[in-house]
Amino acid sequence: WAALYPGMGEWVSFSQGGNVARVDPNSMTVFTDFGQHKGNVVNVIPPQRSGRVLDLAGLGSADFVQVNPQTFESRAVPNIHVIGDACVAGAMPKSGFSANNQGKVTAVAIAALLRGQPVPQPSMINVCYSLMAPDYGISVASVHKIGDDGTIISVPNSGGTSPATATAEFRKMG
């Protein structure tokens with residue numbers, strides 16, 4: 001980011017004092033535990049957690065819904081399946097690609113459950129491409145499975161990221 005857009009962004013993480021106390025739109029100022037931040041464009045990203053509707057449905061009041069990683073069925077309420085950003089999915093990142101993949105795993109699991117058949121062991125993937133500029137792209141890919149401990153883990157040596165030291169030609173390929 002600094003190489004492409006020098007001086008055009010500031011990131012203050014929650015753990016580094018970025019807890020937003022209030023926003024003053026008139027002065028374009030965000031007040032945090034760390035201090036005041038002004039900008040022409042300010043993106044306030046709230047702490048990530050599942051939606052309140054899931055809390056109200058009794059699926060848990062923690063940050064994310066605990067699920068069976070083989071079926072994505074809620075551990076708190078039987079026959080309710082939760083995917084994507086709302087659930088705990090182990091090593092899988094919270095991305096749209098992951099959620100799409102989890103939805104497919106869930107559909108297969110529900111079909112097996114309705115037929116009274118064993119639920120197959122899932123293999124899941126995540127791929128994400130980000131264009132940082134018209135001719136500058138980065139990527140990340142990973143493969144996931146259920147580990148011996150019953151959580152979703154990354155399959156060793158199955159994915160990776162675009163190299164940090166990649167050439168401009170490489171970045172143009174995405």
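Asn79 is exposed, at 66% relative accessibility. Exposed means over 50% relative accessible area, buried under 20%, and partly exposed in between, with a 1.4 Å probe and protein chains only. This is a predicted model: local features need pLDDT of at least 70, side-chain atom pairs count only at pLDDT 80 or more, and totals for chains, interfaces and linings use all residues. Residues are numbered from 1 along each chain as its sequence is written, and side-chain values use heavy atoms, with hydrogens and water left out.

Asn79 sits in the loop between strand E5 (73-74) and helix H2 (96-115). Helices (H or I, at least four residues) and strands (E, at least two) are DSSP runs, numbered from the N terminus. Asn79 is not a glycine, yet its phi is positive, about 70°. Met28 also has a positive phi, about 55°, although it is not a glycine. Met28 belongs to the loop between strand E1 (20-24) and E2. Its relative accessible area is 36%, so Met28 is partly exposed.

Ser95 lies in the loop between E5 and H2. Is Ser95 buried or exposed? Its relative accessibility is 17%, so Ser95 counts as buried.

A polar atom of the Ser95 side chain lies 3.0 Å from the backbone nitrogen of Ser98. Ser95 also touches Asp85 and Asn126, with residues up to four places away in sequence not counted. Contact here means heavy atoms within 4.5 Å.

## Thr32 in strand E2

Thr32 is part of strand E2 (residues 29-32). Thr32 counts as buried because its relative accessibility is 13%. Which side chain makes a polar contact with the side chain of Thr32? That partner is His37, at 3.3 Å. A polar contact is a pair of N or O atoms within 3.5 Å; within protein, one must be able to donate a hydrogen and the other to accept it, and residues adjacent in sequence count only if both atoms are side-chain atoms.

His37 is also on the contact list of Thr32.

## The largest pocket

The largest pocket has a volume of about 790 Å³. The search uses a 1 Å grid over the protein atoms alone; a pocket is an open set of points where a 1.4 Å probe fits, with protein on both sides within 12 Å along at least five of seven lines, and lining residues have an atom within 4 Å of a point. Grid points are joined across faces, edges and corners, and the volume is the space filled by probe spheres set on the points.

The lining has 25 residues. Nearest the centre are Glu10, Trp11, Val12, Val42 and Asn43. E2 and strand E3 (36-38) each supply at least two lining residues. By class, the lining holds 13 nonpolar, 10 polar and two charged residues. Ala, Val, Leu, Ile, Met, Phe, Trp, Tyr, Cys and Pro count as nonpolar, Asp, Glu, Lys and Arg as charged, and the others, Gly among them, as polar.

Glu10 is found in the segment before E1. At 56% relative accessibility, Glu10 is exposed. The C-alpha atoms of Glu10 and Val155 are 34 Å apart, and the two residues are 145 residues apart along the chain.

Val44 lies in the loop between E3 and helix H1 (52-56). Val44 is partly exposed, at 42% relative accessibility. Neighbours within four places aside, Val44 is in contact with Val20, Val23 and Val30. Gly18 is 26 residues away along the chain, with a C-alpha separation of 9.6 Å from Val44.

How many salt bridges does the count come to? The count is one. A salt bridge is a side-chain nitrogen of Lys or Arg within 4 Å of a carboxyl oxygen of Asp or Glu. The pair is Glu169 and Lys172, at 3.8 Å, N to O. Side chains of opposite charge can pair when their charged atoms come close. Both residues lie in helix H3, three residues apart, about one turn of the helix. Glu169 has a relative accessible area of 53%, so Glu169 is exposed.

Ala166 lies in the loop between strand E9 (160-161) and helix H3 (168-173). Ala166 is partly exposed, at 21% relative accessible area. Ala166 and Asn101 are 65 residues apart in sequence and 29 Å apart in space, C-alpha to C-alpha.
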